[in-house]
Amino acid sequence: MNNKVPPLDPLHSIAGLCTRKTWAFPSVLRQLYLPFGCVLACVRLVSMIAVSLIAWPLPVGAKRILYRGLLWILGIRIKCALSPRQISTLTSGCVVAANHVSVIDPFAILAMPGATLVASSGYNRVVALMALLLIKCSGGHFWNGADKKTFSRNLQKMRTNPQGTALYTTPEATINNGHGLYRFRAGLLSRQLPVVPLAGRLILPFGLVASPLHASALASFLRLLMMPWMVCEMTYLERLEREEHQSGQAFADQIQARIAQHLGIAATHWTREDKHRYRQIDAQARR
């Protein structure tokens, strides 16, 4: 008899987008592996800091080589059907809108040609520090969306000379659990720039949940570092442009629907704020 509880429909309940458990299923093999995984996570943390410091003063070309080595050390494998040249041709001068899979999304994004990571005040200090190390190591670029003046100046420069720059953003502004997408925010998607939807999947061993509802960003990151490998599947979809009379939110919904359709999951209207409220209510109910 199957006693598994079917997952909630994310279209009807935000609980369907939030997984409480850290592990999707019990595993004896996982229990045997975890002591080794703890040692591996420590080695990888030290390696990340060391490689970032070594790469800091080096030219961009050397940084890119070191960064590929760092991804190998961290166990991150990027799977993409397009070559770097094809990705550059498709995304140059565009906004790349990706679904938010986990805290290691920036690792995969910064491996892409011409990548500029756009973040906002929604990112905490742990993620900000990690992003700083990655920027220095990968040779990529970072725009702080919370600094409106600098952001507008950079955006104007990009409009003047768009070639070679791809602005990567996660319009959900929070991590989903793979069963559906949070509603995309219009923000950067409505700045009169072409948008390339990017559908991402993260494949993990041992039934690990990438971002449990009540786990901190640091805890989630350390658990991921414990894994023997992580596969980031990245699928670039057809470039889209906002129609003349289309609202910014309608365009964002269109991009969200494209990604959700490709992944075979729901495109919901739940937001990051809904998730935070649900997390608070659920935490109170568990006490």
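This note goes through a strand, an aromatic cluster and a helix of the predicted model.

1. Basis of the note. Residues are numbered from 1 along each chain as its sequence is written, and side-chain values use heavy atoms, with hydrogens and water left out.

2. Strand β2. Helices (H or I, at least four residues) and strands (E, at least two) are DSSP runs numbered from the N terminus. In strand β2 (residues 94–98), five of the five residues are buried, where buried means under 20% relative accessible area, exposed over 50% and partly exposed in between, with a 1.4 Å probe and protein chains only. Both faces of β2 are covered, with Cys94, Val96 and Ala98 buried on one side and Val95 and Ala97 on the other.

3. Neighbours of β2. Two strands are taken to pair if DSSP finds at least two bridges between them. β2 pairs in the parallel sense with strand β5 (residues 166–169) over four bridges, and cysteine 94 has alanine 166 of β5 as its bridge partner. β2 also pairs in the parallel sense with strand β7 (residues 195–203), again over four bridges, and here valine 96 stands opposite valine 196.

4. Rings of Phe, Tyr and Trp (its six-membered ring) pair if their centres lie within 6.5 Å, and planes under 30 degrees apart count as stacked, over 60 as edge-to-face and the rest as tilted. The whole structure holds four aromatic pairs. One of them, tyrosine 33 with phenylalanine 36, is edge-to-face, at 5.6 Å centre to centre and 65° between the planes; both residues lie in helix α1 (residues 28–55), three residues apart, about one turn of the helix. Tyrosine 33 is buried, with a relative accessible area of 12%. The ring of tyrosine 33 also lies 5.0 Å, centre to centre, from that of phenylalanine 206, and their planes are at 35°, so this pair is tilted. Phenylalanine 206 sits in the loop between β7 and α7 (217–226), 173 residues from tyrosine 33, and the pair thus links distant parts of the chain. Tyr33, Phe36 and Phe206 form one aromatic cluster.

5. Helix α6. The buried residues of α6 (residues 148–160) are Phe151, Leu155 and Met158. These buried residues fall within an arc of 60° seen down the helix axis, so they line one face of α6; the arc is that of the directions from the helix axis to the C-beta atoms. Lys149, Lys157 and Thr160 are exposed on the other side of α6.

Notes: Predicted model: local features only at pLDDT ≥ 70, side-chain atom pairs only at ≥ 80, totals over all residues. Expected span 1.5 Å × (residues − 1).
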